[in-house]
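Hi there,

Here is the structure I promised to pass on to you. Please open it beside this email so that you can follow along.

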Amino acid sequence: MSATVTSEELTQQHLSIREAFDQQQQHRWVTAKSTPGERIAKLKRLHRTILKYRNDIKTAMFSDLGKSSTEVDITEVGVINSEIRHCIRHLRSWMTPKRVGTPLALIGTRSEIQYRSKGVCLIISPWNFPFNLTFAPLVSAIAAGNCAILKPSELTPASSALMKKIVAECFAPEEVVLFEGDAQVAQELLSLPFNHIFFTGSPAIGKIIMAAAAKNLSSVTLELGGKSPVIVDETANLEEAASKIIWLKCMNAGQICISCDYVLVQESVHDKFVDLLSKQVKKLYGATSEDRQQSPDLCKIVNKHHHARLQRLLDEAVQMGATVRIGGHTDASRLFTDPTVLTGVPDAAKIWEEEIFGPLLPVRPFKTLDDATQFVNDRSTPLAMYIFSRKQKNINKILQEAPAGGVAINDCGIHFYQTNLPFGGINNSGIGNCHGKAGFLEFSNQIGVTIQNRIFPHTKLFLPPYGRSKLVKLMLEGIAKWF
Ligand code: NAD
């Protein structure tokens, strides 16, 4: 489907959206009762189908983003692959009810937490990693026994069309179905009383999602973005830091929620570090801007709107006095933005305010760690933070004083690939978590169940009239002693 949906198409979709939702609501209890084996079979089917279409995924991603085949394997197919495999390995244990301890007052009972599916879930995803960010939450939704409706981004139409095909091949619509379309289609979906809404996208749209969810009291997971800082102190291995920062900044042309948004580097090593960043840009992507434009490993900016947005951020910073240390060249006709390192960017520049989401990297010196953490805390809580240091004391101080949704120390972005860790943001960068067990829990209701043993009829002992019950008297005396 094209990015613009006609009113006729919308009406048809509106009907089919409603129908699909009703079908899934009817089917949800069947899905909820599915055994671990049945859920694993679904995950295996999804896995096989994604691998079957691996080359088509690469073609779609090249058409949508000009993305390199290797990066598609690492950041799309590979991520979903490891999410599915991890889930299959652990699902039986995650689904098993967990016994909890018994307080004295309930002696003779036993209690456990049971994991029940939420029901019918809506998954809305962005364009920057279309397959990964649509299918990875779907894996968790299926694992937890849910039905799901998917709405990927309209900005990557080839990927969305292929995902629709994959979903239709794997699932009956009463289990999983995908609707293509833009914000209007998302709004149609949001008017329905979903049991859970899992949204990945910008904080601005996250607020719209949460407001819509509030109308039906649907629970939400919001995986949002923001400005993720890198802090490099004077004890760090500067060469290694520069290489990792440039690698992550240029992956997907910086269009990553956990990309290094900006770098804070200790004053004493600032100049040396900026030179190293420039060297790494040349080493990894080409010596000149022309070479880099030809690099098969640098993808394009998603569309003209985002290209122009980045151009505005760059132009404004330069007009305000920033220095371009490397890069600076852009070509709107090819949606190319050169990896660009900027220094001396004035505080008032917009590039310090909005999420950059592109290959522009402002670098700023700091005197003390307090200055660095203050700068981070003056902005909304980031989704990710990267610390390069050889001093544990410095690392601990930053971790304690500048919170972030996730952190990698002496590396960039690797925590995203750790399936044993929850992945998510804090407030402006998100609410809730995904990946592995955290994803399973996010799509589950944790039900507390207490089972009374017939030998200990507690409730009878506590029945009124309370004055007559010796047990109540004893308990009240006991409680009085605690105060
Ligand atoms: P976006 O918020 O513009 O769009 C995301 C989805 O919301 C799309 O499917 C879009 O069609 C839909 N949408 C747009 N307007 C809507 C509206 N008014 N009502 C309902 N739905 C609407 O985000 P984007 O530009 O696709 O992606 C970039 C953003 O996503 C960045 O901020 C980035 O940091 C964030 N992101 C976060 C993560 C994460 O895991 N935390 C991952 C990737 C991207």
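Below I go through the ligand and its surroundings, and then some salt bridges. Please keep in mind that this is a predicted model.

**Around the ligand**

Which residues come nearest to the ligand? Of the 30 residues around it, they are Lys151, Glu154, Ser202, Leu224 and Glu355. For Glu355, a polar side-chain atom is 2.6 Å from an oxygen atom of the ligand. For Ser202, the distance from a polar side-chain atom to a ligand oxygen is 2.7 Å. In Glu154, a side-chain N or O atom lies 2.7 Å from an oxygen atom of the ligand.

How much of the ligand does the protein bury? On its own the ligand exposes 850 Å², and the protein buries 90% of that. Helices and strands take part in the shell: α7 (183–190), β6 (196–200) and α8 (203–216) are the elements that give two or more residues to it.

**Salt bridges**

How many salt bridges does a search of the whole structure find? The search gives 16, and here are a few to look up.

The side chains of Lys151 and Glu154 form a salt bridge, with 3.6 Å from N to O. Lys151 counts as buried at 3% relative accessibility, whereas Glu154 is partly exposed at 25%.

Next, go to helix α1 (residues 7–32), where Asp22 and Arg18 are four residues apart, so about one helical turn separates them. Their side chains meet in a salt bridge of 3.1 Å, N to O. Asp22 is partly exposed, with a relative accessible area of 32%, and Arg18 is partly exposed too, at 38%.

Helix α9 (residues 238–250) holds another pair, Lys244 and Glu240, four residues apart, or about one turn of the helix. The N to O distance in their salt bridge is 3.0 Å. Here Lys244 counts as buried at 18% relative accessibility, while Glu240 is partly exposed at 38%.

Enjoy exploring, and write back with any questions!

Best wishes

Technical notes: Residues are numbered from 1 along each chain as its sequence is written. This is a predicted model: local features need pLDDT of at least 70, side-chain atom pairs count only at pLDDT 80 or more; totals for chains, interfaces and linings use all residues. Side-chain values use heavy atoms; hydrogens and water are left out. A residue is near a molecule or strand if one of its heavy atoms lies within 4 Å of it. A polar contact is a pair of N or O atoms within 3.5 Å; within protein, one must be able to donate a hydrogen and the other to accept it, and residues adjacent in sequence count only if both atoms are side-chain atoms. Accessible areas come from the Shrake-Rupley method with a 1.4 Å probe; for residues, only the protein chains shown count as cover. A salt bridge is a side-chain nitrogen of Lys or Arg within 4 Å of a carboxyl oxygen of Asp or Glu. Buried means under 20% relative accessible area, exposed over 50%, partly exposed in between (1.4 Å probe, protein chains only).
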